[in-house]
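Dear colleague,

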Amino acid sequence: MSAELNLATKNLNKMGFLDLEVDPTLDLVEAINQLKKEKNAVILAHYYQESEIQDIADYIGDSLGLSQQAAETDADIIVFAGVHFMAETAKMLSPSKKVLLPDLKAGCSLADSCPAPVFRKFKEKYPDHKVVSYINCTAELKTLTDVCCTSTNAKHIIDSFPEDQPLIFAPDVNLGRWLVKETGRDMVLWNGSCMVHEIFSHEKIVKLQMKHPEAAFIAHPECEAHILDAADHVGSTSSLLRFTRESGHQEYIVATEPGIIHQMQKASPDKKFYPAPPNNSCACNECPHMKRNTMEKLYLCMKHELPEITLPEWVIEKGVASIDRMLEISAKAGL
Ligand code: SF4
């Protein structure tokens, strides 16, 4: 091992990634494709990744699709271009495979808003309740969860419990409130939220609508209730993408992380997309965690097979049951 690699490996936890120089003349797309072949690796990328990463991925999708792919792949290495909890989910579903994440510090404010030890105490107050957790949570929280869900399958998961079964929903309070409205179930909600989806500005969206009166307004259910109430369509990233492909509108104002617009634009090149503005000085609302991954970090992590996601065995054994149950219910529902 070279001295540089040795030092970068020692500093891995501090930096979150291998802090090594990449030759600026290197064709990263070609080099990454070569590494995929050599190592029998698969790149799974979330819709919120930067467009270059989406374009080199073997599979791009939302949390449900990504977990289904992670469970089914026959690759030896899963490279997760997403955030930490997603790579953990892949590891839980494929424990014998090597799972890599380009930057360990690609976290998630929503997952962080529900620390497992605090949630454990909260849960003790509701001994008769079952727990449904949004997949955007830590591996340890999944060990305290009966069934996970994503925004694509959440309604099916909730409806799978008998009507008289009381439920706790964690960690996203906005998605929880939307589900209470959609399913008519009075659930106990954990008060967590996503830093990206909770700061859309209704006032600025209205101004944007005045500029583009023909545009449909579409929103992810992690947004606050007053934003969802104003939306023409609410759904998961896959559902929003499908809506832009299939609806007759030519213009869309999109209230979710703007990375998804890359796929929307590719699927409907003649349509126009405007990211919904947040209540700060920025024009769009990027997830700083998702955007920690870069092509350089992706290349380095594939080349050196670091950083790798590892989990204690008990977490995998206990936590995976909640994800397996989710996948079973989704398969039955044809999702
Ligand atoms: S967009 Fe929100 S929920 Fe998704 S990774 Fe970023 S902080 Fe987490």
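I begin with N40, which is found in the loop between α3 (28–39) and β1 (41–46). Helices (H or I, at least four residues) and strands (E, at least two) are DSSP runs, numbered from the N terminus. The model is a predicted one, in which local features need pLDDT of at least 70 and side-chain atom pairs count only at pLDDT 80 or more, while totals for chains, interfaces and linings use all residues. Residue numbers start from 1 along each chain as its sequence is written.

Backbone angles

The phi of N40 is near 50°, a positive value in a residue other than glycine. N40 counts as exposed because it has 11 C-beta neighbours inside 10 Å.

With 14 C-beta neighbours inside 10 Å, E305 counts as partly exposed. Its place is in the loop between α16 and α17.

Cis peptide bonds

The loop between α16 (295–304) and α17 (313–332) also holds P307. The peptide bond from L306 to P307 is cis, with omega near -5°.

A cis peptide bond also joins A170 and P171, where omega is about -15°. P171 lies in the loop between β7 (167–170) and α11 (173–183).

For context, most residues other than glycine have a negative phi, and most peptide bonds are trans.

Yours sincerely

Definitions and conventions
A residue is buried if 20 or more other C-beta atoms lie within 10 Å of its own, exposed if 12 or fewer, and partly exposed in between; C-beta atoms are placed from the backbone.
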